[in-house]
Amino acid sequence: MERAPERTTAQTKAETEGEGERDAGVVAGGGSGSDDGGGEGASRASRGRRWRLWVRRGALAAVLLVLVPVLVAEAALRVNYLGDPAEGTRTRGKDALWLGHAWVDGRKTDADVRALGRRLQNTGVRDLYVHAGPLEHDGTLPASAYARARWFVAAVHREAPKLRVQAWLGDVLASESPDGMRLERAATRAAVVRSTREVLAAGFEGAHFDLEPLHSGDGDYLALLDALRAVTRARHAQLSVAAHQIDPVPGFHSFWGTTTGHPKWWSQRFFGEVARRVDQIAVMSYDTMQPLQSTYGGYVAQQTSLALEVTPASTDLLMGLPFYRENRFGHWAHAETVAAAVRGVRLGLSRTDADRANFGVAAYVDFAATETDWRSYQRGWVR
């Protein structure tokens with residue numbers, strides 16, 4: 001049974017003073033009017049105390065309604081991080097690395113490419129997603145945005161012939177604000193397709209799309225992917241996408257969208273629909289709001305399993321690794337580490353499809369990576 005809160009010193013003093021005034025009134029007046037007034041005052045005070053008590057109880061109940069499910073979920077993620085990954089859950093040689101814009105705008109040199117080649121020796125990295133955009137909101141892309149693309153692709157092939165270079169194209173969608181790309185416009189989608197033809201003609205061996213925030217169930221996005229797939233297949237090029245995380249519980253994107261205006265997650269079904277339309281799908285498994293390495297790793301393990309369940313065996317599934325440091329709401333550097341992510345990936349792979357061949361990790365991003373990030377990748381995933 002819940003105890004009533006103890007009275008404060010101020011409340012006790014106020015009640016004592018009130019009793020003294022009522023006693024004085026009785027002695028001075030000797031009539032019943034003073035007694036009636038005191039009774040009404042006491043009744044009002046009693047109702048006020050009961051009302052405050054119910055307010056406190058209601059506030060406590062509201063906090064518990066939010067806090068208890070969160071604590072249960074965090075405990076489940078911690079448990080999901082326990083255990084040992086299966087033997088053989090290491091790189092399949094199909095990993096990827098996101099690269100910044102400096103590689104194609106003239107800031108990088110042959111010496112930089114040689115250093116990149118050395119960095120990627122004896123790793124599992126096969127694909128480079130080099131930033132060649134962003135796309136304009138109408139879907140167009142000026143050639144000046146990737147002026148040194150042909151040089152970069154040739155230099156990479158010279159230093160590391162097995163690497164494949166894809167154009168990383170992105171933009172902000174007008175899904176949560178009036179500004180941005182509008183995929184519902186057929187002309188915009190057609191322009192994106194033309195831009196893709198142009199980057200492939202410039203020497204890129206694939207096109208990698210990162211359009212955000214992309215809401216689950218977006219049929220216009222699926223239509224765009226269908227049109228892009230026809231172009232990339234005709235040129236024997238890759239079509240890849242950066243994907244949102246999957247609902248940790250069914251329908252969570254709807255709840256989160258209703259309460260915050262930003263759905264963030266995709267349904268597992270929509271993720272599968274996207275995965276069936278592309279050659280590669282890379283889950284952005286960072287910016288997860290997790291406070292601890294253990295819960296972050298457990299979350300990545302869960303995301304890996306959910307993605308494996310709906311990704312065709314013919315599609316390369318890549319899980320993102322956070323090669324960057326930030327401290328803000330949604331991402332804590334002490335929690336979202338490469339070591340925790342890699343272990344989570346291996347656990348999810350072990351539990352769901354340990355022998356999946358078309359599987360890897362994708363590191364985000366080259367210009368923010370530290371030696372610690374690279375060592376954690378090498379020790380946890382490559383060796």
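Reader: At what distance does a polar contact join the side chains of glutamine 280 and glutamine 166?
Author: The structure is a predicted model, in which local features need pLDDT of at least 70 and side-chain atom pairs pLDDT 80 or more, while totals for chains, interfaces and linings use all residues. Residues are numbered from 1 along each chain as its sequence is written, and side-chain values use heavy atoms, leaving out hydrogens and water. A polar contact is a pair of N or O atoms within 3.5 Å; within protein, one must be able to donate a hydrogen and the other to accept it, and residues adjacent in sequence count only if both atoms are side-chain atoms. The side chains of glutamine 280 and glutamine 166 are joined at 2.9 Å.

Reader: Is glutamine 280 buried or exposed?
Author: Glutamine 280 belongs to strand E6; strands (E, at least two residues) and helices (H or I, at least four) are DSSP runs, numbered from the N terminus. Its contacts (heavy atoms within 4.5 Å), leaving aside neighbours within four places in sequence, include Arg126, Tyr129, Gln166 and Asp316. Buried means under 20% relative accessible area, exposed over 50% and partly exposed in between, for a 1.4 Å probe and protein chains only. With a relative accessibility of 0%, glutamine 280 is therefore buried.

Reader: What is the bridge partner of leucine 97 in E2?
Author: E1 and E2 run parallel, with five bridges between them. In strand E2 (residues 125–131), seven of the seven residues are buried. The partner of leucine 97 there is leucine 128.

Reader: Which residue in E7 is the bridge partner of valine 283?
Author: Four bridges join the parallel strands E6 and E7. Both faces of E7 are covered, with Asp316, Leu318, Gly320 and Pro322 buried on one side and Leu317, Met319 and Leu321 on the other. Valine 283 has as its partner in E7 methionine 319.

Reader: How many residues apart in sequence are the parts tied together by tyrosine 286 and tyrosine 324?
Author: Rings of Phe, Tyr and Trp (its six-membered ring) pair if their centres lie within 6.5 Å, and planes under 30 degrees apart are stacked, over 60 edge-to-face and the rest tilted. The whole structure holds 15 aromatic pairs; in this one the centres are 5.8 Å apart and the planes at 90°, so the pair is edge-to-face. Both tyrosine 286 and tyrosine 324 are buried. Tyrosine 286 lies in the loop between E6 and H9, and tyrosine 324 in the loop between E7 and strand E8 (327–328), so the parts tied together are separated in sequence by 38 residues.

Reader: How far from the ring centre of tyrosine 81 does arginine 343 lie?
Author: Arginine 343 is in helix H10 (residues 338–352) and is partly exposed, with a relative accessible area of 26%. Beyond neighbours within four places in sequence, its contacts are Tyr81, Gly83 and Asp84. A charge sits over a ring if NZ of Lys or CZ of Arg is within 6 Å of the ring centre and within 35 degrees of the ring normal. Arginine 343 lies over the face of tyrosine 81, and its distance from the ring centre is 4.7 Å.

Reader: The backbone nitrogen of which residue does the side chain of histidine 244 reach?
Author: Histidine 244 occupies the loop between E5 and helix H7 (252–260) and, at 7% relative accessibility, counts as buried. Among its contacts, neighbours within four places in sequence left aside, are Glu212, Lys264, Phe271 and Met284. At 3.2 Å, its side chain reaches the backbone nitrogen of leucine 214.

How values were computed
Two strands pair if DSSP finds at least two bridges between them.
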